[in-house]
Amino acid sequence: MKPAEFRYHAPRSVEECVALLAEHGGEAKPLAGGQSLVPLMNLRLARPEALVDLGRVPGLDGIRVDAGVLEVGAMTRHADLASSELVAAACPLLADAAALIGYPAIRNRGTIGGSMAHADPAAELPCVAVTLDAEFVVAGPAGRRTVPAAEFFVDHFTCALAADEILTAVRWPVPSRAGGWGFREFARKAGDFAVAAVAVDMAVDVSASARRVRIGVAGVGGRPLRLAEAERALTGTRLRPDQLAWAGDAVAASLGDGVDRELVRTLAVRALSDALTRIGA
Ligand SMILES: Cc1cc2nc3c(=O)[nH]c(=O)nc-3n(C[C@H](O)[C@H](O)[C@H](O)COP(=O)(O)OP(=O)(O)OC[C@H]3O[C@@H](n4cnc5c(N)ncnc54)[C@H](O)[C@@H]3O)c2cc1C
């Protein structure tokens, strides 16, 4: 099917984007890589009156590290995240997760901003954002504001952006203590959206006890979640990659009703094992 008729704008600044979105009073949509929006328009599940193309707006892409923060512009493609040496060094969990998104064609077009704004609860990048306490830089008619990841994702395909706001960048604090990470997901076939995914970021202290433990999970509700109860249970304990059954139990116990606990438990044990192996535990 073809999309319903729409107007097309190609603004050259963030301010112009915001003004155009405001002018259309909630009936216009930003266009990034088009990998989610265009199929929805083709199926007539989305019928925006206008598209505001972010592709020619300077300053919306690029990856930089400054003062302990990795900043990724909203128009940065998944493939660039997956192959960036800066991302691999500062935030390897993000690089690994980006490499698992869809197929090469999707990763070459799809953007980090589009993935976050689309807010699919099974998507990889929102899960990593919640796990690593990322911060979202948002531009709107009143200027810029920042939104913590814990508040950005609201429910299925719903985020904290207003209709006249755009996401300009995502900031990732670079941990001062190096650690290990793991990202595991289960999809019915390679390239499909994950049924569930688990992200782990951790560090150990000199006695090899787990210090920073962060566990995020995707595909188990309307938005990506942090498993705070399981994080508390694991912090301060000595974990070994081959003795993680009890840690898997702690993860399963911290999940809500109606979730495939066995699947998430298995993914969590594998992600924790990857993290510990990378630490050298
Ligand atoms: C076959 C297929 C398989 C896929 N598999 C996966 C997968 O495994 N994992 C996964 O996570 N995703 C997957 N995707 C989706 C893909 O990652 C998309 O790239 C992503 O969801 C949207 O990014 P985009 O840049 O294409 O955004 P678009 O499609 O252009 O936009 C998506 C939404 O975000 C809004 N938007 C975009 N950028 C901004 C911005 N900067 N500020 C405010 N709003 C904005 C748009 O208005 C729209 O509502 C798949 C898609 C396809 C077609």
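Tutor: Happy to! Keep in mind that this is a predicted model. The ligand sits in the largest pocket. Among secondary-structure elements, those that give two or more residues to the shell around the ligand are strand S2 (28–31), helix H7 (112–118) and strand S10 (166–173). Helix H7 gives the most, with five residues.

Now zoom out to the domains for a moment. Domain 1 (7–52) and domain 2 (63–173) both give residues to the shell around the ligand, so the ligand lies between them.

As for who is in that shell, there are 30 residues around the ligand, and Pro-30, Gln-35, Leu-37, Thr-111 and Glu-124 come nearest.

Glu-124, one of the residues that come nearest, has a polar side-chain atom 2.7 Å from a nitrogen atom of the ligand. On the ligand's oxygen side of the story, a polar backbone atom of Gly-33 lies 2.8 Å from an oxygen atom of the ligand. The side chain of His-78 also takes part: an N or O atom there is 3.2 Å from an oxygen atom of the ligand.

Finally, a word on how much of the ligand is covered. Taken alone, the ligand exposes 970 Å², and the protein buries 90% of that.

Notes:
Residues are numbered from 1 along each chain as its sequence is written. This is a predicted model: local features need pLDDT of at least 70, side-chain atom pairs count only at pLDDT 80 or more; totals for chains, interfaces and linings use all residues. Side-chain values use heavy atoms; hydrogens and water are left out. A residue is near a molecule or strand if one of its heavy atoms lies within 4 Å of it. A polar contact is a pair of N or O atoms within 3.5 Å; within protein, one must be able to donate a hydrogen and the other to accept it, and residues adjacent in sequence count only if both atoms are side-chain atoms. Accessible areas come from the Shrake-Rupley method with a 1.4 Å probe; for residues, only the protein chains shown count as cover. On a 1 Å grid over the protein atoms alone, a cavity is a set of points where a 1.4 Å probe fits but cannot get out, and a pocket is an open set with protein on both sides within 12 Å along at least five of seven lines; lining residues have an atom within 4 Å of a point. A molecule sits in a cavity or pocket if more than half of its atoms lie within 2 Å of its grid points. Helices (H or I, at least four residues) and strands (E, at least two) are DSSP runs, numbered from the N terminus. Domain bounds come from an automatic or database domain assignment.
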